[in-house]
Structures are given as structure tokens and as C-alpha cells.
Amino acid sequence: MRKIVSNTTPILNLLKIGKLDILRELYGKIKIPLAVYQEIETGKDRDYYTNLSNFNWIEITPIQSASARLYLFDLGAGEAETIILAQEQSADVLLIDEKLGRRYAAQLNIPVTGTIGILLKAKEQGLISVIAPLLQELRHKSTWINDNLFEKALRLAGE
């Protein structure tokens with residue numbers, strides 16, 4: 001089974017559009033560090049909030065090397081722990097949207113994908129039929145997607 005580690009933003013984005021199950025369908029199980037779980041827990045007042053500890057396919061995994069966070073001081077706690085956990089677990093894929101976090105992952109040779117990549121893969125595998133309305137919904141629900149990326153995603157999806 002492939003090892004998948006996720007940061008906060010892809011999970012929140014999929015929760016916003018009611019598509020969290022895509023992660024289970026694509027990857028089976030995913031791991032999140034404790035900091036990601038805690039970040040999601042701070043949003044209990046949001047209408048899309050879901051307690052991730054209720055899902056047996058999401059494993060909340062503390063990082064082993066807390067001191068490694070010192071080297072990722074310019075990242076938030078969730079991003080830093082996600083990258084550390086991905087490295088500790090020899091993850092096959094890291095789910096992360098933030099540009100700086102993706103740069104760190106690239107330096108560590110950790111393959112990455114983000115929310116849009118997840119939606120494209122879900123369409124490719126027939127889990128969803130279109131991504132355009134989902135991307136529009138994300139924009140409507142305060143997820144920033146620049147116009148060039150939006151258009152590129154639609155081209156890649158054949159929409």
C-alpha cells in the first residue's frame with residue numbers, strides 16, 4: 001500500500017466541497033501529523049468541520065523528530081510537521097498546496113500533489129465526472145485559485 005501524508009489545506013478544501021471521501025477512494029489510508037489534526041480542530045465553528053479522528057482511514061501520527069521543526073522555521077506547524085512526517089514515513093506522496101512547503105518537499109525529493117491534482121486524479125479514475133463546478137465552489141468558499149491555474153486544471157481535465 002502506498003504511503004500518503006496530508007497537510008491541512010487539501011483536507012479542508014475537500015471538506016468544503018463535500019468530497020473528503022475522494023482521499024479514501026484514491027489512496028486507501030492517509031496519515032496526518034498531530035499539528036494538522038489540531039489545525040483542523042480549531043475550525044469547529046465552520047459548517048464543513050468534521051472530526052477526522054472518527055475515520056479509521058485517517059491515521060493521526062505524531063512526528064518522531066520534533067527538533068526537525070527548527071529547520072523549517074519559516075513554515076507553519078502543520079506544513080512543517082507534514083514534511084517531517086512524510087520524510088520519516090518515506091511517503092510516496094505528500095498532499096500539500098502551499099508553495100513554500102512544496103519547495104521544501106521538492107528539495108527532499110518527496111513527490112507532491114495538491115487539491116487540484118487530487119481532483120484531476122479523481123476525474124481520471126472516474127470518481128467524479130467534472131472538476132469545473134468543484135473548483136468554482138472552492139473559489140466561492142474562499143479558496144484562492146489563480147486564473148492561470150484554474151484554466152490549466154480545466155485544460156488537463158478536458159473541460
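The side chain of S53 makes a polar contact, at 2.6 Å, with the side chain of N51. A polar contact here is a pair of N or O atoms within 3.5 Å; within protein, one must be able to donate a hydrogen and the other to accept it, and residues adjacent in sequence count only if both atoms are side-chain atoms. Keep in mind that this is a predicted model, in which local features need pLDDT of at least 70 and side-chain atom pairs count only at pLDDT 80 or more, while totals for chains, interfaces and linings use all residues. Residues are numbered from 1 along each chain as its sequence is written, and side-chain values use heavy atoms, with hydrogens and water left out.

Let us stay with S53 for a moment. You will find S53 in the loop between α3 (34-41) and β3 (58-60); helices (H or I, at least four residues) and strands (E, at least two) are DSSP runs, numbered from the N terminus. S53 counts as partly exposed because its relative accessibility is 40%; buried means under 20% relative accessible area, exposed over 50%, and partly exposed in between (1.4 Å probe, protein chains only). Not counting residues up to four places away in sequence, S53 touches Y37 and I60, where contact means heavy atoms within 4.5 Å.

Leaving aside neighbours within four places in sequence, E41 is in contact with Y49 and N51. With 15% relative accessibility, E41 counts as buried.

Next, turn to helix α5 (residues 99-107), whose buried residues are G101, Y104 and A105. Seen down the axis of α5, these buried residues fall within an arc of 100 degrees, so they line one face of the helix; the arc is that of the directions from the helix axis to the C-beta atoms. What do the buried residues of α5 pack against? Their partners are α4 (77-88), β4 (93-95) and β5 (112-113). On the other side of α5, look for the exposed K99, R103 and Q107. Just after the helix, N109 takes a positive phi of about 60 degrees.
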